[in-house]
Amino acid sequence: MKKEELAKALGLLREGDWEAAHLIVQKDEASPLACWAHGIVHLMEGDTSNARYWYREAKREFPRHPSIADEIDSLDAALNA
């Protein structure tokens, strides 16, 4: 997935539009950053078991006390590193 597409999905997540972000991130099941974003989408949706799956695919530990805002900020930092 291109960085620009993931950045667009990240912006949508920041706006709370997880459905539109999902349409973008579900296109890439190989990129760890896209998988992480996919996990955040499902956190926002309230589907914790699906979120855990995508965190595993992203090779990330699922947060003990997930904060969507913190996860979005961390993903943004990783994307721009």
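Student: Where is D17 found in this predicted model?

Tutor: D17 is in the loop between α1 (3-15) and α2 (18-25).

Student: Why is D17 called partly exposed?

Tutor: Its relative accessibility is 32%. Buried means under 20% and exposed means over 50%, with partly exposed in between. So D17 counts as partly exposed.

Student: Which residues gather with D17 in a patch of negative charge?

Tutor: E15, E19 and E45 gather with D17 on the surface.

Student: Why is the contact of D73 and R14 called a salt bridge?

Tutor: Their side chains meet at 2.9 Å, N to O. The rule asks for a nitrogen of Lys or Arg within 4 Å of a carboxyl oxygen of Asp or Glu. So the pair of D73 and R14 qualifies.

Student: What does the pair of D73 and R14 tie together?

Tutor: D73 lies in helix α5 (residues 68-79) and R14 in helix α1, so the bridge ties together parts 59 residues apart in sequence.

Student: How do you know that D73 and R14 are partly exposed?

Tutor: D73 has 40% relative accessibility, and R14 has 44%.

Student: What makes D76 and R14 a salt bridge?

Tutor: Their closest N and O atoms are 3.0 Å apart. The limit is 4 Å, so this pair counts too. D76 in helix α5 and R14 in helix α1 are 62 residues apart.

Student: Which residues do shared partners join into one network?

Tutor: R14, D73 and D76.

Student: How many aromatic pairs does a search of the whole structure find?

Tutor: It finds 2.

Student: Why is the pair of Y53 and W54 called edge-to-face?

Tutor: The planes of Y53 and W54 are at 85 degrees, and the centres are 5.0 Å apart. Rings pair within 6.5 Å, and planes over 60 degrees apart count as edge-to-face, so the label holds.

Student: Are Y53 and W54 buried or partly exposed?

Tutor: Y53 is partly exposed at 34%. W54 is buried at 6%. The cut-off for buried is under 20%.

Student: What makes Y55 and F62 an edge-to-face pair?

Tutor: Their ring centres are 5.2 Å apart and their planes are at 75 degrees, so the pair is edge-to-face. Both Y55 and F62 are buried.

Technical notes:
Residues are numbered from 1 along each chain as its sequence is written. This is a predicted model: local features need pLDDT of at least 70, side-chain atom pairs count only at pLDDT 80 or more; totals for chains, interfaces and linings use all residues. Side-chain values use heavy atoms; hydrogens and water are left out. Patches are made of residues with over 30% relative accessible area and no salt bridge: like charges are joined within 9 Å, nonpolar side chains (Val, Leu, Ile, Met, Phe, Trp, Tyr) within 5 Å. Accessible areas come from the Shrake-Rupley method with a 1.4 Å probe; for residues, only the protein chains shown count as cover. Lys and Arg count as positive and Asp and Glu as negative; His and the chain ends are not counted. The place of a charge is taken as NZ of Lys, CZ of Arg, CG of Asp or CD of Glu. Helices (H or I, at least four residues) and strands (E, at least two) are DSSP runs, numbered from the N terminus. Buried means under 20% relative accessible area, exposed over 50%, partly exposed in between (1.4 Å probe, protein chains only). Rings of Phe, Tyr and Trp (its six-membered ring) pair if their centres lie within 6.5 Å; planes under 30 degrees apart count as stacked, over 60 as edge-to-face and the rest as tilted.
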